[in-house]
Amino acid sequence: MYYQVSKEFFEKLPNAYFGAVAVRGLDNTREIPELEQMLAENVAACEAYFTGKKPKETEDIVPYRTAFTALGINPNKFMCSIEALLTRIAKGKGFPHINAAVDLGNAVSIKHRLPMGAHDLDTIDEGLDVRLAGEGDTFIPFGSTEEETPDAGEAVYASGKEIRTRRWTWRQSERGKITEETKAILFPIDGFSDVNQEEVHKAADELIDLFYSLKSPYRRKAVWVMNDSTVKAIRKLGVSLSFVPEDRLGMGLVGSMDLADNMMLRSFRRGRSLFTDQLRRLNSKERSVLRLLHPDLSLHITVLRADRQTEVKFLV
């Protein structure tokens, strides 16, 4: 499938910056107390952070309100999802446990104060577009069965004619919601190249680290699509990665290396590689990055921005 942002959207919001983490092979039926505790801790820290502050007046939220206005959306009537979430927490209303994957996404979203969606990839036929709504588009509000029609030209997340999020980051649909049966998820992270670009990177990398740290019965044989800061970290270890748009195999191969070198790289986990001695010299952070080069993993660059890459394709 693909994940892309339209030219028309970037014309309206040229500083928009999108990170994405995709994972498949999850078992979301399990309760994970550690995630519930992390969510509770992040909610408490967030409530303390906003003591005496109105979220809508802080540097975290003002750029989103400005962006909504640029997109023709009234931010007072339709709050960005992260503003609504932080406002609820700032009022001391907390945030409920839903399921493991949703808890994890919410915990990271709250910590980094970024809007972060979650879409069930198995409900998406070809791809997910950030574009302007047009004729024939339909939306089913969360918790409803009735279809509604988005405004013409409204900024949306869409899978074909099915709108998955209205008004950019306002409200997600009943279609594609994350349930206990969900096994594959795309987490889009919405930010700005001139405001919180690095925070988008950190949030994407933290999602990967947290999922990878989960016990194997939960993550099973998860396959990742990573943010480019992780790719840069791997480059620093002496492995040059390149995103090859025409390669759709999803085999997790390093595009700039031949097959023999890829097989040698993969063998380091079994202690039979030229990388073994180097691995012993790495610190814990570097080890966690290099561990992502597991044979089951697929690596891609997934930051989308107007002046560079606007589309990423990956196998899920």
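This is a predicted model: local features need pLDDT of at least 70, side-chain atom pairs count only at pLDDT 80 or more; totals for chains, interfaces and linings use all residues.
Visitor: How many aromatic pairs does the structure hold?

Guide: The structure holds 12 aromatic pairs. One of them is formed by Tyr64 and Trp168.

Visitor: How are the rings of Tyr64 and Trp168 arranged?

Guide: The pair is tilted, with 6.2 Å from centre to centre and 35° between the planes.

Visitor: And where in the chain are Tyr64 and Trp168?

Guide: Tyr64 is in helix α3, residues 62–70. Trp168 is in the loop between β6 (162–166) and β7 (171–172). The two residues are 104 residues apart, and their pair links distant parts of the chain.

Visitor: Is Trp168 buried or exposed?

Guide: Trp168 has 0% relative accessibility, so it counts as buried. Tyr64 is buried too.

Visitor: What sort of pair do Trp168 and Phe192 form?

Guide: Trp168 and Phe192 form an edge-to-face pair, 6.0 Å centre to centre with 75° between the planes. The cut-off for that label is an angle over 60 degrees.

Visitor: Which parts does that pair tie together?

Guide: Phe192 lies in strand β8 (residues 184–192) and Trp168 in the loop between β6 and β7, so the pair joins parts that are 24 residues apart in sequence. Phe192 is buried, with a relative accessible area of 1%.

Visitor: Which residues form one aromatic cluster?

Guide: Phe9, Phe10, Phe18, Tyr64, Phe68, Trp168 and Phe192 form one cluster.

Visitor: Switching to charges. Where does Arg167 lie?

Guide: Arg167 lies over the face of Phe78, 3.7 Å from the ring centre. Its charged end also sits over the ring of Trp170, at 4.9 Å from the centre of that ring.

Visitor: What about Asp103: buried or exposed?

Guide: Asp103, in helix α5 (residues 100–112), is buried yet has no salt bridge. The nearest side chain of opposite charge is Arg88, 11 Å away.

Visitor: What does Asp103 touch, then?

Guide: Leaving out residues up to four places away in sequence, Asp103 touches Glu36, Leu39, Pro96, His97 and Ile98.

Visitor: Last topic, helix α4. Which of its residues are buried?

Guide: Helix α4 covers residues 81–90, and its buried residues are Ile82, Glu83, Leu85, Leu86, Thr87 and Ile89.

Visitor: What covers them?

Guide: The cover includes α2 (33–49), α3 and α5.

Visitor: What follows α4?

Guide: Gly92 follows α4, and its phi is positive, near 80°.

Note on methods: Residues are numbered from 1 along each chain as its sequence is written. Side-chain values use heavy atoms; hydrogens and water are left out. Rings of Phe, Tyr and Trp (its six-membered ring) pair if their centres lie within 6.5 Å; planes under 30 degrees apart count as stacked, over 60 as edge-to-face and the rest as tilted. Helices (H or I, at least four residues) and strands (E, at least two) are DSSP runs, numbered from the N terminus. Buried means under 20% relative accessible area, exposed over 50%, partly exposed in between (1.4 Å probe, protein chains only). A charge sits over a ring if NZ of Lys or CZ of Arg is within 6 Å of the ring centre and within 35 degrees of the ring normal. Lys and Arg count as positive and Asp and Glu as negative; His and the chain ends are not counted. A salt bridge is a side-chain nitrogen of Lys or Arg within 4 Å of a carboxyl oxygen of Asp or Glu. Contact means heavy atoms within 4.5 Å.
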